[in-house]
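Trainee: I would like a close look at a single part of this chain. Please walk me through it step by step.

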Amino acid sequence: MTERQNEVLAVLGELAEAWNDGDAAAYASHFTEDADYVTFFGMNMPGRAIIESAHRSLFEGPLKGSKLDAGGGEPKVRFIRPDVAIVVSGGGSSLSDDKPEPGRESTLTYVLVEESDGWRVASFQNTRVSDPAARAS
């Protein structure tokens with residue numbers, strides 16, 4: 001990994017840490033003011049303020065105590081410009097303990113931009129991993 005790749009991945013590590021702490025303000029602080037956050041339901045939460053508010057509700061409600069896990073192998077980091085990175089990684093979560101729960105695996109796509117004070121997520125997409133062939137049988 002290059003130093004710049006490590007800088008980008010550090011942001012994702014901080015995101016996971018904020019989630020695992022249930023800290024909506026810290027979580028949202030890693031997004032740009034105008035970020036787009038697309039959930040695995042396909043719902044778009046536009047803007048840092050909405051991302052923070054929605055996650056506060058989640059962390060105090062249905063996802064209280066949930067933990068993220070960085071599953072899926074090594075994240076792929078690609079710079080499309082020196083100040084824009086795309087990261088595709090796997091991930092999972094747990095609602096009850098630190099082990100990822102089956103059926104909660106996702107493929108995560110992040111677009112990060114370098115701002116004057118560091119890297120921020122400008123766009124995020126969470127896509128649940130599923131096997132359409134298994135559902136068809």
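Trainee: In which helix is the place of His55? Please also show me what lies around that part.

Mentor: One caution before we start: this is a predicted model. His55 has its place in helix H3. Its relative accessibility is 1%. Buried means under 20%, so His55 counts as buried.

Now look at what His55 touches. Leave out residues up to four places away in sequence, and the list is Trp19, Ala24, Tyr27, Tyr37 and Met45. Pick out Tyr27 from that list. Tyr27 is among the residues with the most contacts inside the largest nonpolar core, along with Phe31 and Tyr110. That core has 26 residues. Helix H3 (48–60) gives two or more residues to it, and so do helix H1 (3–21), helix H2 (24–28), E1, strand E5 (84–94), strand E6 (106–115) and strand E7 (118–128). H1 gives the most, with seven residues.

Next, take Phe31. Again setting aside residues up to four places away in sequence, Phe31 touches Leu15, Tyr37, Arg48, Ile51, Arg120, Val121 and Phe124. Notice Tyr37 in that list. Tyr37 also touches His55.

Move on to strand E7, where Asn126 has its place. Asn126 has 14% relative accessibility, so this residue counts as buried. Beyond its neighbours within four places in sequence, Asn126 is in contact with Val38, Thr39, Phe40, Ser106, Thr107 and Leu108.

Phe40 is found in the loop between strand E1 (31–38) and strand E2 (44–46). Its relative accessibility is 35%. Partly exposed lies between the 20% limit for buried and the 50% limit for exposed, so Phe40 counts as partly exposed. Together with Phe41 and Met43, Phe40 makes a nonpolar surface patch of about 350 Å².

Finally, step back to the whole chain. The chain has four helices and seven strands. Along the sequence their order is α-α-β-β-α-β-β-β-β-β-α. Of the 137 residues, 34% count as buried. His55 and Asn126 both count as buried. The accessible surface comes to about 7,700 Å². Carbon and sulfur atoms account for 53% of that surface.

Conventions: Residues numbered from 1 in each chain as written. Predicted model: local features only at pLDDT ≥ 70, side-chain atom pairs only at ≥ 80, totals over all residues. Heavy atoms only, no water. Buried < 20%, exposed > 50% of the residue type's maximum accessible area, 1.4 Å probe, protein only. Areas by Shrake-Rupley, 256 points an atom, 1.4 Å probe, with all protein chains shown as cover. Patch = residues over 30% accessible without salt bridge, like charges linked within 9 Å, V, L, I, M, F, W, Y side chains within 5 Å. Salt bridge = Lys/Arg side-chain N within 4 Å of Asp/Glu carboxyl O. Core = buried A, V, L, I, M, F, W, Y, C linked by side-chain atoms within 4.5 Å. Contact = heavy atoms within 4.5 Å.
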